[in-house]
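Subject: Structure handover

Hello,

Please read the notes with the coordinates open.

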Amino acid sequence: MKQPIFIIDTKKDIALFAEMGFKVFRMSIAWSRIYPTGMEETPNEEGLRFYDKVFDECKKYQIEPLVTISHYEMPYALVEKYNGWESRECIGHYVRYCKTIFDRYQDKVKYWLTFNEINSLLHAPFMSGGIANMQGLTEQDLYQAAHHELVASALATKIGHEMMPDAMIGCMILSMPTYPLTPSPDDVIAAMDAEHRNYFYGDVHVRGKYPGYMKRYFREHGIQIQFAPEDEEILKNTVDFVSFSYYMSVCATSDPEKQKK
């Protein structure tokens with residue numbers, strides 16, 4: 001028995017959005033649609049034309065596109081060659097991709113997000129950071145990968161502001177507010193520590209530097225982030241706004257037995 005084939009009619013979908021009164025359409029560009037392996041020197045024109053049509057259709061209905069540059073995907077060749085964002089090499093490929101779409105869509109898109117839920121890297125390394133080989137992966141490796149993404153995000157913000165002076169470029173955080181499981185001071189501290197691991201990403205994007213509480217966390221856990229000489233200056237390219245997704249809240253406890261439950 002043949003499986004049904006579902007064809008998405010973008011024009012009809014956007015028309016329905018307009019009928020429902022939508023004024024903003026948050027969407028994503030697929031990096032691999034523009035650079036199939038992520039390493040090409042020349043972008044895929046067919047992919048670029050596809051998004052031209054999407055943005056033109058949005059304009060037709062006065063719907064403002066809010067575009068995520070990388071939304072839980074990257075060209076799989078970069079995963080195979082570099083193990084995703086664990087390697088600093090991905091920064092250059094991401095920047096080339098950003099320059100291409102900024103140049104192409106600068107007159108069609110005003111609002112941009114550099115990465116979707118960038119803080120989810122700690123919880124879902126493959127989905128969020130393209131880290132497929134997790135054998136022996138440590139917290140040090142994950143935070144180093146996060147650093148590479150933060151540098152890439154800051155570079156995209158810098159380049160975007162240079163190429164599109166009127167554009168608004170923001171970051172995207174996975175928001176899962178954490179409450180202490182009990183009034184115990186130890187649980188309160190556990191909740192605070194959990195919140196810090198999320199706030200960290202927003203603080204770097206907004207303040208342009210690593211917050212003191214994360215530097216202390218790194219010292220206490222033997223984590224040493226490798227900074228390139230230019231990284232500190234690059235991170236000063238801060239975002240125009242913070243966006244977040246909220247699905248649920250969670251509880252934190254210092255009790256190992258309760259953590260298992």
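Trp31 and Tyr97 are both buried, where buried means under 20% relative accessible area, exposed over 50% and partly exposed in between, with a 1.4 Å probe and protein chains only. This is a predicted model, in which local features need pLDDT of at least 70 and side-chain atom pairs count only at pLDDT 80 or more, while totals for chains, interfaces and linings use all residues. Residues are numbered from 1 along each chain as its sequence is written, and side-chain values use heavy atoms, leaving out hydrogens and water.

Aromatic pairs

Rings of Phe, Tyr and Trp (its six-membered ring) pair if their centres lie within 6.5 Å; planes under 30 degrees apart count as stacked, over 60 as edge-to-face and the rest as tilted. The count by this rule is 21 aromatic pairs. Trp31 and Tyr97 make a stacked pair, with 5.3 Å centre to centre and 5° between the planes. This pair links distant parts of the chain, since Trp31 is in helix 2 and Tyr97 in helix 5, 66 residues apart. Helices (H or I, at least four residues) and strands (E, at least two) are DSSP runs, numbered from the N terminus.

Tyr94 and Phe115 are also stacked, because their ring centres are 4.7 Å apart and their planes are at 15°. Here helix 5 supplies Tyr94 and strand 3 supplies Phe115, 21 residues apart. Tyr94 counts as buried at 0% relative accessibility, and Phe115 does so at 3%. One aromatic cluster is formed by Tyr143, Phe200, Tyr201, Tyr210, Tyr217, Phe218 and Phe227.

The charged end of Arg33 is over the ring of Phe50, 3.8 Å from its centre. Arg96 lies over the face of Tyr35, at 5.6 Å from the ring centre.

Five strands form an open sheet in the order 1-2-3-4-6, with parallel pairing; two strands pair if DSSP finds at least two bridges between them. Strand 1 and strand 6 (241-246) are at the edges with a single partner strand each, so one side of each has no neighbour in the sheet. The twist averages 30° from one strand to the next. Axes are lines fitted to C-alpha atoms, for helices over the stretch in contact, and angles run from 0 to 180 degrees between N-to-C directions. Strand 3 (residues 111-115) and strand 4 (residues 168-175) pair over three bridges, and Leu113 stands opposite Gly170 in strand 4.

Helices on the sheet

Helix 3 packs on the sheet and touches strand 1 and strand 2, its direction making about 170° with that of strand 1. Contact means heavy atoms within 4.5 Å. Helix 7 (residues 139-163) packs on the sheet against strand 3 and strand 4, at about 160° to the direction of strand 3.

In helix 3, Phe55 is buried at 2% relative accessibility. Not counting residues up to four places away in sequence, Phe55 touches Met27, Ile29, Pro65, Val67, Tyr105, Lys108 and Val109. The C-alpha atoms of Phe55 and Pro65 are separated by 7.0 Å.

In helix 7, Ser153 is buried at 0% relative accessibility. Leaving aside neighbours within four places in sequence, Ser153 contacts Thr114, Phe115 and His205.

Regards

How values were computed
A charge sits over a ring if NZ of Lys or CZ of Arg is within 6 Å of the ring centre and within 35 degrees of the ring normal.
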